Amino acid sequence: MNRRPPEAPAARPIPPEGSGPPACPDPLALLAAHYPRGSRAFALLCRHGEQVAAKALEAAARVAHLRPDTQFIYEAALLHDIGIRGTRAPELGCFGPHPYICHGVLGRALLEQAGLPRHALVCERHVGLGLSAAEIAAQQLPLPHRDMRPVSIEEQIVCYADKFYSKKGGRAQARSLPQVLAALQRHGEDLEARFQRWVALFEPPAPEGAPCGSRT
Ligand SMILES: [Fe+2]
C-alpha cells in the first residue's frame, strides 16, 4: 500500500490577538446538544474524549517548539468522535444507519454546522492514521474520495492520542504502546512504521538500553 508518511510538522506563526478561528469554549455542552446527558453514548464520549485530551496535551508538550494550539487540541479531542451517533454501533449506544468508519465525516458535518470548521477537520482526519483518497478508493470504503490524512500538528496530535484509547464493547479503555503497535501491525508494516514516526516525535526518549516499545 502506498501510504504517505505523516506530514512533517511546521512551526505555526502566532496569529494576531483576536484573529483566530472560532473556538468552542464548552465542548461538553456541544456534545450534550447531540447526545442526551446520562445516555451511554454521552458518558462514553466524555470519558474517551478526556482520555484522548490528556494524552494529546502530553504529546503537545513534547513539541512545544512547534507552538501547538493546546486549547484547540483540548476542544477537538473532546469533540473528535461526535459523529458516532449516526453509525450502527449499538454497543456504544448508537443506532444510526451508517458504518462506523463514517463517524469522522459525520462529525465533520456536525461541527461545520456548528460553525467550527477547524475542529470539523480533526473529526474527518482522525480515523485510523488518516486515509488518503487513493486508499479510500482502493479499499472501497464508504467514504467520499478525498484526502482525510491529518495535516496540522494539532490534527496529528489528536489522531495519535486517539490510538491509545479504545471504546470497544462500550468501555473506555487505555492501550499501551506495544498494544497499539501490535494492532497497527495487523494492518501492515507500513502503518506501524508511520506510527513510529509519531512515537519518535511525541513520546519522551526511551531510556538507554530499553527494549523497543517500552515507552508506554
Ligand atoms: Fe476516538
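Axes are lines fitted to C-alpha atoms, for helices over the stretch in contact, and angles run from 0 to 180 degrees between N-to-C directions. This is a predicted model: local features need pLDDT of at least 70, side-chain atom pairs need pLDDT 80 or more, and totals for chains, interfaces and linings use all residues. Residues are numbered from 1 along each chain as its sequence is written.

**View 1. The chain has nine helices and four strands.** Helices (H or I, at least four residues) and strands (E, at least two) are DSSP runs, numbered from the N terminus. Their order along the sequence is α-α-α-β-β-α-α-α-α-β-β-α-α.

**View 2. Helix α1 packs against helix α2, with axes within 10 Å.** α1 spans residues 27-34 and α2 residues 40-62. Their axes cross at roughly 155 degrees. That makes α1 roughly antiparallel to α2 (an angle over 145 degrees). L28, L31 and A32 of α1 meet F42, L45 and C46 of α2. Contact here means C-beta atoms, placed from the backbone, within 7 Å. The contact has six nonpolar residues, no polar and no charged. Ala, Val, Leu, Ile, Met, Phe, Trp, Tyr, Cys and Pro count as nonpolar, Asp, Glu, Lys and Arg as charged, and the others, Gly among them, as polar.

**View 3. Helix α5 packs against helix α7, with axes 9 Å apart.** α5 covers residues 117-125 and α7 residues 153-162. The angle is about 40 degrees. L121, V122 and R125 of α5 touch E155, V158 and C159 of α7. Four of these residues are nonpolar, none polar and two charged.

Notes:
Parallel < 35°, antiparallel > 145°, perpendicular 65-115°, else oblique. Contact = placed C-beta atoms within 7 Å.
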